[in-house]
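Please walk me through this structure, one region at a time.

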Amino acid sequence: EITVTMAQLGNPSQIQRINIQEGAGSSPTIFLDYVRFESTTLPVSDTVAPSVPATLAASGLTTSGLTLSWAAATDNVGVTGYQVYQNGTLLDGNVTGASLVISGLSCKTAYSFTVKAFDAAGNVSGLSAARSVTTSACSNLVIYDETLATDWQDWSWSTTNNLANTSPVKVGTKSAKVTYSAWSGFSLRKSTSLNTISGTVLKFWIQAAGSNSIKVFTNNADSGGESAGYVFNTTNNQWVEVSVTMAQLGNPGQIKRINIQNNSANSPIIYLDNIRLISVSSARVATESMAEMSGNLVLYPNPSDGRLSVDYTSPRTQAVQLRVLNASGSELHRQTEQAAEGFNTFRVDMPNRADGLYWLQLIPAEGSPRVGKWMILR
């Protein structure tokens, strides 16, 4: 019986082939039996899955993101990584630590997260208990209201501006009066660029004499980085609230400058008020922002304490319904009103509601479009 130690072989750390060679140059016949390793570590097949991750927690909540963490799983050999699922769909299949920073979410929206662990042999644990998380309430960034907000500057070109105009005014006591020349632009620039999400909406009130073509676009730098343009016409001597989605601007990821440009060779005088950026749930923007453009629904005061007036210009005499929904789409309030042809004012009393963003929708009789606007309670 021959015994060969690893020291006699120069201590190889791995063995792929074992060779028993004739070393004298002759041609002997050799008989071998019971070839084996003894007292050594041999590979063992790993069929044991890691334990199920537990204690999922969310921290650092914002309007568009959070940090998800969990208690580390255990394994007989070792945990290699984790799979994180968002609303049942794999979000990241190779998370090496026990936490993950998640971004790109919608504000005031509920999400469900689960986690699995896996090891190097491909064994996967069961699914963790779900963790439900709601992102922070939608934000409202005021750019101009009575005066320019901090960190914003007037970078207009070829216009004459009065940012303390007292008549006409839509919100508060002052508006911005902009006297345009041909193709000139009212441009507001932020010192530090803003990051956008898919649900960000630019909103402002506008009034002018006659129908004037206006182009809205943004820049992601002081010069250059121009977004797609959104063009609309003003309504003669009537305040209209304009809502421009990021999709209508080509989904710019950052905003450095906001431009409201005269889109013609005319020289109109335009009044602007309550210019702001709002982050809203992206699922609602596409269908609802266009309804807001109609300009025949006005809410005031907004923000309010839940008691507000609703101005509505009806194309005919008809019954209408007023509905109030939360940001998740659940109905909180409904009332029926009789609208006369032309201008109407309705009263909505909804006190004792939590602070936040709500959608007020007016549903006319069949044949007329639904209209709606966001309102803020505080």
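**A guided reading of the model**

S158 lies in strand β11, where strands (E, at least two residues) and helices (H or I, at least four) are DSSP runs numbered from the N terminus. The phi of S158 is near 60 degrees, a positive value in a residue other than glycine. This is a predicted model, in which local features need pLDDT of at least 70 and side-chain atom pairs count only at pLDDT 80 or more, while totals for chains, interfaces and linings use all residues. Residues are numbered from 1 along each chain as its sequence is written, and side-chain values use heavy atoms, with hydrogens and water left out.

Y34 also has a positive phi, of about 55 degrees, although it is not a glycine. Y34 is found in the segment before β1 (54-59). Its relative accessibility is 59%, so Y34 counts as exposed; the cut-offs are under 20% relative accessible area for buried, over 50% for exposed and partly exposed in between, with a 1.4 Å probe and protein chains only. Another backbone feature is the peptide bond from S167 to P168, which is cis, with omega near 0 degrees. P168 belongs to the loop between β11 (157-165) and β12.

The next topic is the interior. In soluble globular proteins, nonpolar side chains tend to be buried together. A nonpolar core is a set of buried Ala, Val, Leu, Ile, Met, Phe, Trp, Tyr and Cys residues joined through side-chain atoms within 4.5 Å. The largest such core has 29 residues, and F186, L202, F204, I206, F232, L272 and I275 touch the most other members. Two or more residues each come from β8 (140-145), β12 (175-195), β13 (200-208), β14 (213-219), β15 (230-233), β16 (240-245), β17 (254-262) and β18 (269-279). The element that gives the most to this core is β12, with 6 residues. A second, separate core has 18 residues, including L308, V348, V371 and M375.

With neighbours within four places in sequence left aside, L202 is in contact (heavy atoms within 4.5 Å) with V216, V242, S243, V244, M246, I258, I275, R276 and L277. V244, one of these partners, lies in strand β16. V244 counts as buried because its relative accessibility is 0%. Not counting residues up to four places away in sequence, V244 touches T200, V201, L202, V216, Y230 and L249. The C-alpha atoms of V244 and E38 are separated by 76 Å, and the two residues are 206 apart along the chain.

The loop between β16 and β17 holds Q248. The side chain of Q248 reaches the backbone nitrogen of T245 at 2.8 Å. This is a polar contact, a pair of N or O atoms within 3.5 Å; within protein, one must be able to donate a hydrogen and the other to accept it, and residues adjacent in sequence count only if both atoms are side-chain atoms. From C-alpha to C-alpha, Q248 and L61 are 28 Å apart in space, and they are 187 residues apart in sequence.

Two further buried residues make polar contacts. R189 sits in strand β12 and counts as buried because its relative accessibility is 15%. The side chains of R189 and D222 are joined by a polar contact of 2.8 Å. Apart from residues up to four places away in sequence, R189 touches D151, W152, Q153, W155, D222, K256 and R257.

S128, in turn, lies in the loop between β6 (110-119) and β7 (131-134). With a relative accessible area of 6%, S128 is buried. A polar atom of its side chain lies 2.9 Å from the backbone nitrogen of V115. Leaving aside neighbours within four places in sequence, S128 is in contact with V52, P53, L56, T114 and V115.

The last stop is the second largest pocket. It is lined by 24 residues, of which V171, N274, R276, N302 and P303 lie nearest its centre. On a 1 Å grid over the protein atoms alone, a pocket is an open set of points where a 1.4 Å probe fits, with protein on both sides within 12 Å along at least five of seven lines, and lining residues have an atom within 4 Å of a point. β25 gives the most to this lining, with 5 residues.
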